[in-house]
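Trainee: I'd like to learn how to read a structure with two chains. Could you walk me through this one?

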Amino acid sequence: MTIAPACPLPLMQHETVQMAHGAGGRLSQTLMQRVFMPHLHNSFLDLLDDQAKLELPAGRTAFTTDTYVVSPVFFPGGNIGELAVNGTVNDLAVGGAIPLYLSTGFVLEEGFSLVALETIVMSMASAAQNAGVIIVTGDTKVVGKGQCDSIFINTSGIGTIREGVNLSCCNLKKGDCIILSGTVGDHGMAIMTSREGLSFQSHITSDCAALNGMIGKVLDAVPMIHAMRDPTRGGVAATLNELAHSSSVGIEINETSIPVKPDVRGACELLGIDPLHVANEGKLVLVVPADCSETVLNVMRAHEHGRDAVIIGSVVNDHPGMVVMRTVFGSRRIVDLPLGEQLPRIC
Amino acid sequence: MKYIDEYRDPLLARNLLEEIKRKATRHWTIMEICGGQTHSIIRNGIDQLLPDSIELVHGPGCPVCVTPLESIERALLIAAKKDVIFTSFGDMLRVPGCSKDLFMVRSEGGDVRIVFSPLDALQIARDNPLKEIVFFAVGFETTAPANAMAVYQAAREGIENFSVIVSQVMVPPAMCAILSSPDNRVQGFLAAGHVCAIMGYEEYEPVAREFNVPIVPTGFEPVDLLAGILKTLELLEEGRSEVVNLYRRVVSREGNRFAQETIRKVFEVRDRQWRGIGLIPGSGLGLRPDFSRFDAEKKFNVTHICASESPQCKSGSVLQGILKPDACPAFARECTPEHPLGATMVSSEGACAAYYNYHRNAYSL
């Protein structure tokens with residue numbers, strides 16, 4: 001018996017990302033059909049067109065984009081996929097927009113696990129569903145081993161700005177209350193303590209969450225809120241400094257009122273980091289007229305993402321552009337922008 | 001949080017402050033040696049709360065700040081070399097050399113990594129046998145045992161692709177230099193708690209006697225610092241030149257004998273240049289001849305590199321307590337954390353950085 005020489009069939013079942021997965025050919029289709037579409041499919045994506053055709057409600061539109069390069073890709077409390085959805089949803093929502101549609105672009109490193117990719121895609125689908133947004137278009141590129149680290153994701157988002165809402169960093173007025181939705185530093189410290197080279201264990205989990213639900217309820221109750229920001233990179237300190245600078249006002253905060261989880265505080269103490277400089281991914285800073293602050297607090301505290309909401313300070317006319325903290329001892333110090341990158345690839 | 005909250009208790013702090021106000025009958029100048037203490041004082045605004053009669057001046061205890069410019073220039077040269085993985089504590093990366101810092105070397109393609117311990121650097125050496133791993137061993141007596149241990153282990157395991165740039169300095173000779181200076185204003189010291197944890201406080205007793213100054217080892221939390229200031233004040237008011245240990249939860253008279261032994265095994269006492277201050281005899285540590293093959297400066301043949309300081313930077317006076325950071329003409333003008341003239345503006349223990357971060361425009365606070 002002779003075995004006829006045959007051209008071997010191309011291997012279609014892979015456990016890891018191959019260069020051909022991004023080449024537009026058969027493997028690209030396989031990736032689409034087996035990994036992306038089962039979880040993300042909807043009436044827009046199902047058409048497999050090069051673009052999504054959208055009808056937007058009347059009014060002003062908000063549009064934002066962000067790229068996610070977090071390392072590690074899976075971290076306590078989340079992964080890069082849900083971060084990429086929630087982060088962009090939050091960027092729309094803090095501008096007073098109702099987030100509607102997202103696009104997503106993947107840059108995959110050759111050799112990245114397809115099981116991991118599918119887990120990430122599933123998280124994106126579930127995060128989008130929770131936030132009430134639809135992923136309407138997407139793209140995938142594969143780069144050679146070592147040319148990116150595992151997976152980078154870009155998401156852009158479109159939303160419609162609510163009627164009668166005017167949120168801006170330039171709106172701060174003397175006497176406004178500064179409200180913080182909960183504990184600071186959870187995301188940054190979850191990433192930091194899960195990095196290689198830091199050999200201590202903790203139970204810190206990321207606060208990664210979509211905040212548009214809570215923001216919607218707050219704006220329904222108090223549309224005249226002056227400003228809203230999600231304090232991500234640079235932490236609450238950077239956000240407050242940007243607000244003070246944009247409105248040319250001073251901000252005063254009380255050290256005793258800043259909520260920090262004990263684990264996060266412990267990790268910050270060990271590493272010599274100020275929790276106010278650490279990134280958050282599910283927190284909100286609001287600037288509200290003093291007479292509305294109680295209403296805002298009540299609405300926030302009734303929501304799962306705002307249970308620990310608290311007034312941390314107020315807007316003042318002194319020291320414009322500067323954030324000053326009253327310490328537990330009654331002295332005062334500047335709360336500055338963090339210098340440089342505290343920890344690269346936090347989101 | 002246990003062992004933290006007790007030492008940040010506002011009521012305890014207030015009582016100590018009242019006691020300080022009650023006991024101070026005249027003006028006293030007290031120096032806290034350690035940059036970590038300086039940062040805690042400025043960050044918590046302890047200097048604002050003290051009566052005018054107690055003046056705190058900030059000492060030279062910032063290892064990054066006193067690392068000589070030429071060591072940094074040599075580090076930059078080594079870090080830029082192909083096949084070198086340069087490791088350092090994070091603080092060192094932003095310290096300016098003559099024209100660049102280690103971050104810039106990294107952006108130009110140098111493999112510069114932040115480590116949290118010299119033993120991590122040694123692990124990198126084990127993992128990368130084809131690369132040369134260099135660790136920037138800076139610090140006071142606090143970091144000396146771990147740095148010594150890394151070299152000792154490298155020798156024991158025969159790890160030949162590991163070497164260190166040594167810039168180890170010691171506190172007592174620096175205190176003697178400050179006290180001997182004709183410009184000296186310091187009347188009492190808060191000694192650096194973590195240095196004393198290693199070395200004990202016995203070696204400060206002759207300094208206290210010779211120069212007629214009280215010395216109080218203390219910790220870094222506000223209550224530690226206030227208790228230390230109160231004790232120094234009491235000793236000054238009573239004219240007692242003694243060493244009184246107020247950091248008893250960490251410091252003993254004899255210190256950590258094992259750590260001291262490790263230092264002695266690997267290092268020997270040398271004269272050393274301090275950035276901005278100059279040569280202080282017997283103030284540094286260098287590798288003993290048995291370990292000289294781990295000397296990165298010799299290994300990479302950079303010992304001839306010399307450098308001179310910007311004349312605008314007054315960090316030498318700041319580090320000796322002669323000049324307050326905000327009294328420097330360049331402070332927050334030509335010299336900022338983004339564009340530092342000296343290391344005191346970028347180190348997490350530098351006095352200029354503490355003033356800039358927490359106090360700048362203090363008049364508006």
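Predicted model: local features only at pLDDT ≥ 70, side-chain atom pairs only at ≥ 80, totals over all residues.

Trainee: In chain A, what share of the contacts with a separation of 6 or more comes from residues 24 or more positions apart?

Mentor: In chain A, that share is 85%. For chain B, 78% of the contacts between residues at least 6 apart in sequence join residues at least 24 apart.

Trainee: What does the globule comparison give for chain B?

Mentor: A compact globule with 365 residues would have a radius of gyration near 21 Å, and chain B, with 20 Å, agrees. The box for the C-alpha atoms of chain B is roughly 65 × 45 × 45 Å, and 53% of its 365 residues count as buried.

Trainee: Can we try that on a single residue? Why does B:Ile280 count as buried?

Mentor: You count C-beta neighbours, and 20 or more within 10 Å makes a residue buried. B:Ile280 has 20 C-beta neighbours inside 10 Å, so B:Ile280 counts as buried. You'll find B:Ile280 in strand β10 (residues 278-287) of chain B. Leaving aside neighbours within four places in sequence, B:Ile280 is in contact with B:Pro173, B:Ala174, B:Ala177, B:Arg272 and B:Trp274.

Trainee: Next, helices. How do I describe two that pack together?

Mentor: Two packed helices are described by the angle between their axes and the distance between the axes. Take helix α7 (residues 118-127) and helix α8 (residues 144-157) of chain B: they pack at about 25°, with their axes 8 Å apart. That angle makes α7(B) roughly parallel to α8(B). The crossing of these two helices is right-handed. On the α7(B) side you'll see B:Pro118, B:Leu119, B:Ala121 and B:Leu122, which meet residues of α8(B) including B:Ala146 and B:Met149. By class, this contact has 8 nonpolar, 2 polar and no charged residues.

Trainee: At what angle do α2(B) and α16(B) cross?

Mentor: Helix α2 (residues 35-43) of chain B and α16(B) cross at roughly 15°, and their axes come within 9 Å. That makes α2(B) roughly parallel to α16(B), and their crossing is right-handed. Among the residues that meet there are B:His39 and B:Ile42 in α2(B), and B:Tyr355 and B:Tyr358 in α16(B). The class count here is 5 nonpolar, 4 polar and 1 charged.

Trainee: Last one: how many residues does each chain give to the contact between the chains?

Mentor: Chain B gives 22 residues and chain A gives 21 residues. On the side of chain B that touches chain A, α1 (10-23), α3 (46-49) and α16 (351-359) each supply at least two residues. The largest share, 3 residues, comes from α16(B). That side of chain B divides into 10 nonpolar, 7 polar and 5 charged residues.

Terms used:
Residues numbered from 1 in each chain as written. Chains lettered and ligands numbered in written order. Axes fitted to C-alpha atoms, helices over the stretch in contact; angles between N-to-C directions. Helix = DSSP H or I, 4+ residues; strand = E, 2+ residues; numbered from the N terminus. Parallel < 35°, antiparallel > 145°, perpendicular 65-115°, else oblique. Left-handed = near helix turned anticlockwise from the far one by under 90°. Contact = placed C-beta atoms within 7 Å. Nonpolar A, V, L, I, M, F, W, Y, C, P; charged D, E, K, R; others polar. Rg over C-alpha atoms; globule rule 2.2 N^0.38 Å. Buried ≥ 20, exposed ≤ 12 C-beta atoms within 10 Å, placed from the backbone.
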